[in-house]
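Hi everyone, thanks for coming. I'd like to walk you through one model today, so please have a look at it with me.

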Amino acid sequence: MDAMTLLHERSSMGKLCSPAPDADQLDAIYRAALRAPDHKELTPWRFIEFSGEGLNRLGELFAEAEFHNNPHIDDAALNAARKKPLRAPMIIAVVAKITPDQPKVPPLEQSLSAGCAAHGMLLAAQALGLGAMWRTGHYAFDPTVKKGLGLGEHDELVAFLYLGQMGGRHKPLPERDPADFVERWN
Ligand SMILES: Cc1cc2nc3c(=O)[nH]c(=O)nc-3n(C[C@H](O)[C@H](O)[C@H](O)COP(=O)(O)O)c2cc1C
C-alpha cells in the first residue's frame with residue numbers, strides 16, 4: 001500500500017482476533033511510533049505491551065478501579081470490566097512520559113507527541129495488514145489504573161491500542177471534504 005493511500009484510508013478495526021502481532025511486526029510498529037514529531041527530543045513516550053496473562057492482569061486492574069470508585073458495584077459489572085481487555089489478543093498502552101518543568105515544551109506538546117506516536121502505530125499496523133483500534137474509555141484517566149501501570153504523577157495514558165488480526169471488514173470511510181475544515185488566509 002502506498003503512503004498516501006494508507007494516510008487517506010486508515011480505519012479502525014474493533015473486531016480483532018488472534019494471533020497477536022509477531023515480533024517483526026511489533027518492531028515495525030514501535031519504529032513507526034519512534035518517528036513521532038518530538039519537540040526538543042524529549043522522547044516522551046513509553047509503551048506497555050499486554051498479551052496472554054497480561055491481558056487478564058489489565059482486566060483485574062480495570063475491575064480494581066471500578067471497585068475503588070464504587071465499593072457497592074455488582075459482580076456482573078466487575079466481570080464486564082475484567083473482560084474489556086480480552087477484546088484483542090494484544091493491547092499496547094501508550095504513555096506520555098511528561099517532563100513537567102520543561103521551559104520550551106509544555107505538557108500538552110508532550111502528550112500530543114505521544115498521540116502522534118499512537119497514530120503512527122495505527123498506520124503501521126494497517127500497513128502490515130493488521131487490525132487496530134485506539135481506545136481510552138474512562139480507564140485511561142483513572143488514578144487506580146494509572147498508578148497500577150506505574151505512571152508518574154504528571155504522566156498521561158493517551159491510548160490503549162487494541163491490536164490483532166482483522167476480524168471483519170473496515171466500515172465504509174466517511175465522506176469528508178477538506179473544504180469544510182480549511183480556512184485560507186491568502
Ligand atoms: C484519544 C482517543 C480515544 C478514543 N477512545 C475510544 C474509546 O474509548 N472507545 C471507542 O469506541 N472509540 C474510541 N476512539 C475512537 C476510535 O479509535 C475511532 O477513531 C473511531 O471509532 C472512528 O473510527 P475510524 O478511526 O475508523 O475513523 C478514540 C479515539 C481517540 C483519538
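Which residues does UniProt list for "domain: Nitroreductase"? The unreviewed entry gives residues 19-164; UniProt positions are in the numbering used here, feature names are shortened, and annotations may be inferred rather than shown by experiment. Before we go on, this is a predicted model, where local features need pLDDT of at least 70, side-chain atom pairs count only at pLDDT 80 or more, and totals for chains, interfaces and linings use all residues. Residues are numbered from 1 along each chain as its sequence is written, and side-chain values use heavy atoms, with hydrogens and water left out.

Back to residues 19-164: the span is 44% helix and 19% strand, and its end C-alpha atoms lie 6 Å apart. Helices here are DSSP runs of H or I with at least four residues, strands are runs of E with at least two, and both are numbered from the N terminus.

Now the ligand. Around the ligand we find Arg10, Ser11, Ser12, Met133, Trp134, Arg135, Thr136, Gly137 and Lys171, each with a heavy atom within 4 Å of it. By class, this shell has 2 nonpolar, 4 polar and 3 charged residues; Ala, Val, Leu, Ile, Met, Phe, Trp, Tyr, Cys and Pro count as nonpolar, Asp, Glu, Lys and Arg as charged, and the others, Gly among them, as polar.

Have a look at the backbone there. A backbone N or O atom of Trp134 sits 2.6 Å from an oxygen atom of the ligand, and for Gly137 the distance from such an atom to a ligand oxygen is 2.8 Å. A polar backbone atom of Thr136 is 3.0 Å from an oxygen atom of the ligand.

The largest cavity holds about 40 Å³, a volume being the space filled by probe spheres set on the points, which are joined across faces, edges and corners. Its lining, meaning residues with an atom within 4 Å of a point, includes Arg10, Ser11 and Ser12, residues that also surround the ligand.

Last, the largest pocket: about 320 Å³ of space. Of its 13 lining residues, His8, Arg10, Leu173, Pro174 and Arg176 are the closest to the centre. A pocket is an open set with protein on both sides within 12 Å along at least five of seven lines. Thanks, everyone!

Notes. A polar contact is a pair of N or O atoms within 3.5 Å; within protein, one must be able to donate a hydrogen and the other to accept it, and residues adjacent in sequence count only if both atoms are side-chain atoms. On a 1 Å grid over the protein atoms alone, a cavity is a set of points where a 1.4 Å probe fits but cannot get out, and a pocket is an open set with protein on both sides within 12 Å along at least five of seven lines; lining residues have an atom within 4 Å of a point.
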